[in-house]
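This report describes how two parts of one protein chain meet. The structure is shown first, and the contact is then described.

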Amino acid sequence: MMLAAGSTIGIIGGGQLGRMLAMAAARLGYRTVVLEPQPDCPAAQVANRQITAAYDDPAALAELAAASAVVTYEFENVPVAAAEILAARVPVHPPARALEVAQDRVVEKEFLNGIGIATAGFHPVDDDAGLTEALRAFDGSGVLKTRRMGYDGKGQRVFRNMASGGFAGVCEAMGSVPLILEALVPFEREISVIGARGADGAIATYAPAENIHRNGILHSSTVPAAISTTAADAARAAAAKILNALDYVGVIGVEFFVLPDGALLANEIAPRVHNSGHWTEAACALSQFEQHIRAVAGLPLGDPRRHSDCVMENLIGNDIARVPALLAEADVLVHLYGKAEARLGRKMGHFTRLGRRIAQS
Ligand code: AMP
């Protein structure tokens, strides 16, 4: 069913992704209400209303459900129970199952492998003895991550060529939480695909972006990625397969490692609009944000082709000082998030520099 103009879309999470979703919703004639504990959050500055409460506050969830014709979210750590409480009263997109899969790195890899999508090898790790054993299986190298609540490289530790043993206290230092040891992937580059699935099952995927991370945070996304057409098509097909397997409605971000021989290993799925898809607002007629709003509102998806090559760069912390110079450049689209304080490592905005114009994607 197509959401009527003037209807309200609920958004859980009030960061920059929620802000850009609210802006896209407004352009399609919808109102937005944001659930976010932080007052005057980036999303609430452009939304119609904020419910200032915790994401799992029962009264706030009831208020959100009552106020919204459909509810979506901007981050993957929305409590699954909260999504389920809402889903009993109002359509919630993407589905709670996507949250379950994305919130636990072991469940995520088992899901991906189960539908024929390759990932790095992995072992669940619960204690130092388990870590010793898992590292031995990977010849002393691997990336130890928390299974849950990890993002932007937080909660990770890399081991290279470690002789077995001597890991006493490592798991405790990681917070004594369930962990996963992943094989260390000798990747040549990292790419991501932004895909969307409509309420009617239609699928649209954007061209893969090539991503560079600094200090575990996305630094830049370049389109096109320097990969073969075969690899690009395989990445887009994998994103489509994930969307179908989850009976998904909305936009998803899927990150991959590209190996020297061009083979892909899926790293992570984000059941939401994604930082590596911000370039779409400048280089495509239709951004990932509008695509997501179209999907959750039951509107037809739009054409994901780009009209230009481009590079998107994040403005982190003091990078904000670059804004005046960027504003003076032609073919640069600057997007700021309304955050008052430029703290170290904080995403303040991004910009996309357009390159070669092209006739097709
Ligand atoms: P993640 O939080 O899983 O997105 O990881 C953050 C970054 O760490 C990735 O973008 C990679 O640059 C690096 N990384 C993560 N997992 C692995 C791995 N298994 N092998 C090599 N590098 C990795």
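## Polar contacts and salt bridges

In this predicted model, 6 residue pairs are in polar contact across the interface of domain 1 and domain 3, with both residues of each pair at pLDDT 80 or more. The same interface holds 2 salt bridges by the rule applied.

A salt bridge also links Arg27 and Glu290, where the closest N and O atoms are 2.8 Å apart.

## The domain 1 side

On the side of domain 1 that touches domain 3, at least two residues come from each of helix H1 (16–27) and strand E4 (70–73). H1 gives the largest share of this side, 9 residues.

By residue class, the side of domain 1 that touches domain 3 has 13 nonpolar, 3 polar and 4 charged residues.

The protein is divided into three parts: domain 1 covers 8–92, domain 2 covers 121–182 and domain 3 covers 189–357. In the contact between domain 1 and domain 3, domain 1 takes part with 20 residues and domain 3 with 19 residues. The C-alpha centres of these two domains, domain 1 and domain 3, lie 22 Å apart.

## Buried area

The size of an interface is often expressed as the accessible area lost when the parts come together. Between domain 1 and domain 3, the buried area is about 1,800 Å². Carbon and sulfur atoms give 68% of that area.

Technical notes. Residues numbered from 1 in each chain as written. Predicted model: local features only at pLDDT ≥ 70, side-chain atom pairs only at ≥ 80, totals over all residues. Heavy atoms only, no water. Domains from an automatic or database assignment. Contact = heavy atoms within 4.5 Å. Buried area = accessible area lost by both parts, 1.4 Å probe. Salt bridge = Lys/Arg side-chain N within 4 Å of Asp/Glu carboxyl O. Polar contact = N/O pair within 3.5 Å; in protein donor to acceptor, adjacent residues only side chain to side chain. Helix = DSSP H or I, 4+ residues; strand = E, 2+ residues; numbered from the N terminus. Nonpolar A, V, L, I, M, F, W, Y, C, P; charged D, E, K, R; others polar.
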